[in-house]
Amino acid sequence: MVFFSVVIPVFNRANLIPITIDSIFNQNIDIDNYEIIVVDDGSIDNTIEILKQYGSKIKIFTQQNQGPGKARNLGIEHSQGEYIAFLDSDDLWFPWTLDVYAQIIKATNNPAFLAGQSIFFSNEHELEFVQIPQLQYRYYQDLYASSKDVRSFLTSSVVICRDILQQLGGFTDQWINSEDNDLWLRLGTAEGFVYIDSPYVLAYRQHSHSAISIATKTYDGTCYLIQQEKQNQYPGGKTREKQRLEILTRHIRPVSVSCLHGNEIHKGWQLYKETFLWHLGLGRFRYIIGFLWLIICVSIISYRRQ
């Protein structure tokens, strides 16, 4: 059995997927310690042909276009590693990424869940001067216990114990953005969460075709998170509610504001109304007042343009 199963969902990324896969082969750990599973989500370019060039070095699975959540679940289903590591098809790992994860897992007695710092880039040349500083990380009882300290992290910086992940059923089948945040919240009380402050473990590529740039799916995903919480689908009950809402509302606030900037006033207002009592209970008065002021300004500007 390998230690890491690296799961990569891909859709129409023939130009980028080789760079992503090669960043895994450049890892500083023995190739026998990991497997690479690529799930093609119904690509219509020549992504499959590119993947086949790797031969037996990678495992390839295909599905009709159903979104990254279902693609990752298919990869998880066929994985054999003790831990699942996620990497999106346009992102890159540094040579030390898997080695850093392995060191911390051993030092912290097999935590359920690890995540780390990311650096954003547009061109690979920007990464040439990134160095590996001293290892620094924080261990928490679980994800919820980190609610005051850890702000956010990206899917491609996450490693999760496979047994726990399979018990939870993986990602939601809903084709939305924030399917990853939903999973993190469902993992909220799983024993052992580590956040890696240093070094960077992920290089996140910024470009216009990123899935996160699809505003409708982001709004739908945010509404899904709200409904999941209101239907008591996240663990911890009333005892952990404040910690859970700290994490949840951190994802909701920027989306509600983004809706206003995108002239989607109704959507922004809906998110605000749905979560008003949560923000009030958390003392987020700056947001409560600032959102109202912003909605007035946006409405005035919109009226004057008519």
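Reader: Which residues of helix H1 are buried?
Author: In H1 (residues 17-25), they are Ile-17, Thr-20, Ile-21, Ser-23 and Ile-24. Viewed down the helix axis, these buried residues sit within an arc of 150°, so they line one face of H1. Buried here means under 20% relative accessible area, exposed means over 50%, and partly exposed is in between (1.4 Å probe, protein chains only). The arc is taken from the directions from the helix axis to the C-beta atoms.

Reader: And what do the buried residues of H1 pack against?
Author: Strand S1 (4-10), strand S2 (34-41) and helix H2 (47-52). Contact means heavy atoms within 4.5 Å. Helices (H or I, at least four residues) and strands (E, at least two) are DSSP runs, numbered from the N terminus.

Reader: Before we go on, where do these values come from?
Author: It's a predicted model: local features need pLDDT of at least 70 and side-chain atom pairs count only at pLDDT 80 or more, while totals for chains, interfaces and linings use all residues. Residues are numbered from 1 along each chain as its sequence is written, and side-chain values use heavy atoms, with hydrogens and water left out.

Reader: Gln-228 next. Which residues does it contact, leaving aside neighbours within four places in sequence?
Author: Asp-182, Gln-233 and Tyr-234. Gln-228 is in helix H7 and counts as buried, at 11% relative accessibility.

Reader: How does H7 sit against H9, parallel or antiparallel?
Author: Roughly parallel. The axes of H7 and H9 (residues 265-281) come within 11 Å and cross at roughly 25°. Axes are lines fitted to C-alpha atoms, for helices over the stretch in contact, and angles run from 0 to 180 degrees between N-to-C directions. Under 35 degrees counts as roughly parallel, over 145 as roughly antiparallel, 65 to 115 as roughly perpendicular, and the rest as oblique.

Reader: Which residues make that contact?
Author: On the H7 side they include Tyr-219, Cys-223 and Ile-226, and on the H9 side Leu-271 and Trp-278 are among them. By class, the contact has five nonpolar, five polar and four charged residues. Ala, Val, Leu, Ile, Met, Phe, Trp, Tyr, Cys and Pro count as nonpolar, Asp, Glu, Lys and Arg as charged, and the others, Gly among them, as polar.

Reader: What about H8 and H9, at what angle do they pack?
Author: About 155°, with the axes 8 Å apart. That makes H8 roughly antiparallel to H9. The residues of this contact divide into nine nonpolar, five polar and two charged.

Reader: Now the backbone. Which peptide bond is cis?
Author: The one from Ser-198 to Pro-199, with omega near 5°. Pro-199 is in the loop between strands S9 (193-198) and S10 (202-205).
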